[in-house]
Every structure is written in structure tokens, then in C-alpha cells.
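Student: I have not looked at this structure before. Could you take me through it step by step?

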Amino acid sequence: MRAFPSIEDLRQRARRNVPKLFFDYVEAGSYTQQTLRANCADMAGIPLRQRVLVDVDQRSTATTILGETASAPLALGPIGLGGMLYGDGEILACRAAQAAGIPYTLSTMSINSIEDVAGAVDKPFWFQLYVMRDRGFMRELVQRAQAAKCSALMLTVDLQVLGQRHCDVRNGLTVPPQINVRNVIDVITKPAWAWSILKGKRKTFGNLAGHVKGMEGVGSLAQWTASQFDPSLSWKDIEWIKSLWPGKLILKGVLDVQDARIAVKTGVIAISVSNHGGRQLDGAPSAISALPRVVDAVGADLEVLFDSGVRSGADIMRALALGARSCIVGRAYLYGLGADGQAGVARAIEILQKELDVIMALCGVKRVAEINRQVLAGYDEPSNSLPL
Ligand code: GLV
């Protein structure tokens, strides 16, 4: 096993392995990337409270997520084009998550299809849904997720139009990649990547191929998204989606307290407080700064998950301290996937889990359920305000 002591080590390896076009896609935030930067900077600005001489033997990071046991308060999030970082990337990531005992979410915009993944893993996974104009196709997608025994549906609510990531425009991001001199050089200098993609089952969007018209010959991913995604999606449609999917429904991308209160009324089991990893509304507050208010408003009524800015075990601790029940990661595990396929994802999960375990010990906490604002430095006194 290669030595990857940190998520940053996996990131550096992924940067070397994966063609720039796909690595940039993973890294990017929208427009000026100020929200992307704020997600990480605000996270790092939350000090943890060092405690000593507390018996922290027999600790556990185990918890429950949507009522199911999990080895850590962690899930792998839905990533479009995951399978372009490594051949069969979604199957491999799902296997790594299931072996580690945490949930995996397959994206609508994945390379492996729902059926590919279901046929290659032992346990149920979550499926993420984008609402497209073609409602017949949406219904079909939900039915496919049901047939594959997916255990939760995650509806992304913050991407009805796409925030532009400038690098994707510069790089001419298409799937499969646009054939031009720069991309050809990029690919032939990444032989391990090219081999894995060649061996992989698919080279395009597995859930859409053969189902959605107009996928072939699209100028760019952004153009295609603009033509297919439904900007008229509104709260009314949640009822419709619930009628198709009576199971567990998560709304991902709620940042505002008022929206969170409406989400409670719809009866969803969970929301994820998120700004889409800084990839959508540039200028939105960091997700971690929005979290405490949302938790205070709705934390008793539904399960509050968190994503956008989680790169370490300390970050998971901070989000849990501010009331999230568990965290969803994207980039942190994609670096592992790009670095070393399934073993790299397994390593990313292990890094996050071990970091959390050590951070818990050094904060004097033995159980995930004990984590609250008291683990943040300076917030032990009720009179003290939150850091954000
Ligand atoms: C899709 O979810 C993206 O952020 O590109």
C-alpha cells in the first residue's frame, strides 16, 4: 500500500494521475471561487477545545445515519463524472464505502449506471436525483433506483441552473473528452488513467445513455445541463417526487433558514446544509457559517447533514459540534479515487475516520453523540457566542 498519510497526499497523487480537464472539474468552484475558499477558510477558523486527563479509552466513531448504523458520521456524496477519474469509479467508490460501513451516493450524472453499481455491490446505496425537463425520464430514473433497492433518494435542490466554473469552459469539458491536441497530450501522458478508463464499462453518462435524447454531440456539459435540467423545479414538485418515492428523501443544498423551515413541512427525513462545494452561488456564505442557524431552526424536526468544505476529521468534528448529524464528502474521496482507485477511496475514508477518532480523543470525547458546541474552544460558557 502506498503511503498516503493525508487527504492532501491523495490530492497530489490524483493531480499527477488524472487528466487536467477532469482534475480541474473536481477542484473548481464557480466564478471567482470566493464561496469555495470561504468554505475551507471558515472551517479552519473554528478552534477546537483541547481537553486533558479525560479517559478516552474505548472510543467509537460509530453512529446512525438516517436510522442505519454507520462506522462514522460520514457518507460519500454524489459526484457527476466520478467514473472519469478512474475507470468504473462509481463501482469502486461504492465498494470502498460499503467495506468501510458508510453510505455511498450515486449521482444521476455518474458514468456507471444505477444497474452497473447495483450489480457489483452487496448492499443498498443512495441515489441522487437531478430534476430534468423530461418528467417521464425522471419517473423512470426513480423506478430504476427502486428496482436497484436504493435505500435513500437525495434530491439536489441547488443546481437547476449551473454556476459556471471557468476552467471547464477553458478546458472544453465534454464526456468523453473533446479530441483536441491539448487533451490528447493530456491523456497520453496519463497512461495508468487511460488504461483504467479503457477497461471501465462505460465512457459516457451511464444513467442517461440510451434514455435521454440530445446527449450525443453536445458542445459542452454546461450546454447540455442548461437544456435538460428543469429551472421550474419548485417546492410543489417535492410532493410529486414523494409520490414516486415513498422511501427516505434527502434535500441536498439547503443553506437558508427559511428554506429549511419549508423543508420540514414537506416531511423529508433529512436536508444537507450545503452550497454545492462552492460550485453554485458564488458569494453565498460558507456552508459551515450557515449550519448553526439551520440546526437551531430545524435540527429537532429532521436530520441535518452537512457538506461543502469537509477535508479532514477535524472538519467533521467542527460540523458535528455545530449540530450536523453527519458529513458528506466529495472532493476528499475523489482525490483517493484519482490517486489509487478503490484502495485510494478506502484510504481516504480511513484517513477521515482515524483523524476524527484522534480529534475526539484530544477533545475528550468518546462517542459521536457526545459531540456538541462544548468541543469548540471558547464556547463552554453559555454567554459566549458562536464563532461565526
Ligand atoms: C455537479 O453536481 C457539479 O457540481 O458539477
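Student: How far does a polar side-chain atom of His 276 lie from an oxygen atom of the ligand?

Tutor: Keep in mind that this is a predicted model. His 276 is among the residues that surround the ligand. Its polar side-chain atom lies from a ligand oxygen at a distance of 2.8 Å.

Student: How much of the ligand's exposed area does the protein bury?

Tutor: Start with the ligand alone, which exposes 190 Å². The ligand sits in the largest pocket. Of the area exposed by the ligand alone, the protein buries 86%.

Student: Which residue has a polar side-chain atom 2.5 Å from an oxygen atom of the ligand?

Tutor: The residues around the ligand are Tyr 25, Tyr 130, Leu 159, Arg 165, His 276 and Arg 279. For Tyr 25, an N or O atom of the side chain is 2.7 Å from a ligand oxygen. The residue at 2.5 Å is Tyr 130.

Student: Why is helix 14 described as largely enclosed by the rest of the structure?

Tutor: Helix 14 covers residues 313-321. Its buried residues include Gly 313, Asp 315, Arg 318 and Ala 321. They pack against several elements, among them helix 3, strand 3 and helix 15. Helix 14 is largely enclosed because its buried residues number 9 of the 9.

Student: Which residue has a side-chain oxygen that reaches the backbone nitrogen of Ala 314?

Tutor: Look at the start of helix 14. The oxygen there comes to within 3.4 Å of that nitrogen. It belongs to Ser 312.

Student: Is Ser 110 buried or exposed?

Tutor: Ser 110 is placed in the loop between strand 4 and helix 5. It touches residues including Ile 79, Glu 90 and Phe 205. Its relative accessibility is 0%, so Ser 110 counts as buried.

Student: Which side chain makes a polar contact with the side chain of Ser 110?

Tutor: The two side chains are 3.1 Å apart in this contact. The partner is also one of the residues that Ser 110 touches. The partner is Asn 207.

Student: Where does the backbone oxygen that lies 3.1 Å from a polar side-chain atom of Asn 17 belong?

Tutor: Asn 17 is in helix 1. At 23% relative accessibility, Asn 17 counts as partly exposed. It touches Lys 190, Trp 193, Gly 338 and Ala 339, leaving out residues up to four places away in sequence. The backbone oxygen belongs to Gly 338.

Student: How many residues apart in sequence are Pro 191 and Pro 19?

Tutor: Pro 191 is in helix 9. Pro 191 is exposed, with a relative accessible area of 56%. In space, the C-alpha atoms of Pro 191 and Pro 19 are 9.9 Å apart. In sequence, the number of residues is 172.

Student: What is the phi of Leu 53 near?

Tutor: Most residues other than glycine have a negative phi. Leu 53 is in the loop between helix 3 and strand 1. Leu 53 is exposed, at 89% relative accessible area. Its phi is positive, near 55°.

Student: What is the relative accessible area of Ser 308?

Tutor: Ser 308 lies in the loop between strand 9 and helix 14. It is not a glycine, yet its phi is positive, about 100°. Ser 308 is buried, with a relative accessible area of 6%.

How values were computed. Residues are numbered from 1 along each chain as its sequence is written. This is a predicted model: local features need pLDDT of at least 70, side-chain atom pairs count only at pLDDT 80 or more; totals for chains, interfaces and linings use all residues. Side-chain values use heavy atoms; hydrogens and water are left out. Buried means under 20% relative accessible area, exposed over 50%, partly exposed in between (1.4 Å probe, protein chains only). Helices (H or I, at least four residues) and strands (E, at least two) are DSSP runs, numbered from the N terminus. Contact means heavy atoms within 4.5 Å. A polar contact is a pair of N or O atoms within 3.5 Å; within protein, one must be able to donate a hydrogen and the other to accept it, and residues adjacent in sequence count only if both atoms are side-chain atoms. A residue is near a molecule or strand if one of its heavy atoms lies within 4 Å of it. Accessible areas come from the Shrake-Rupley method with a 1.4 Å probe; for residues, only the protein chains shown count as cover. On a 1 Å grid over the protein atoms alone, a cavity is a set of points where a 1.4 Å probe fits but cannot get out, and a pocket is an open set with protein on both sides within 12 Å along at least five of seven lines; lining residues have an atom within 4 Å of a point. A molecule sits in a cavity or pocket if more than half of its atoms lie within 2 Å of its grid points.
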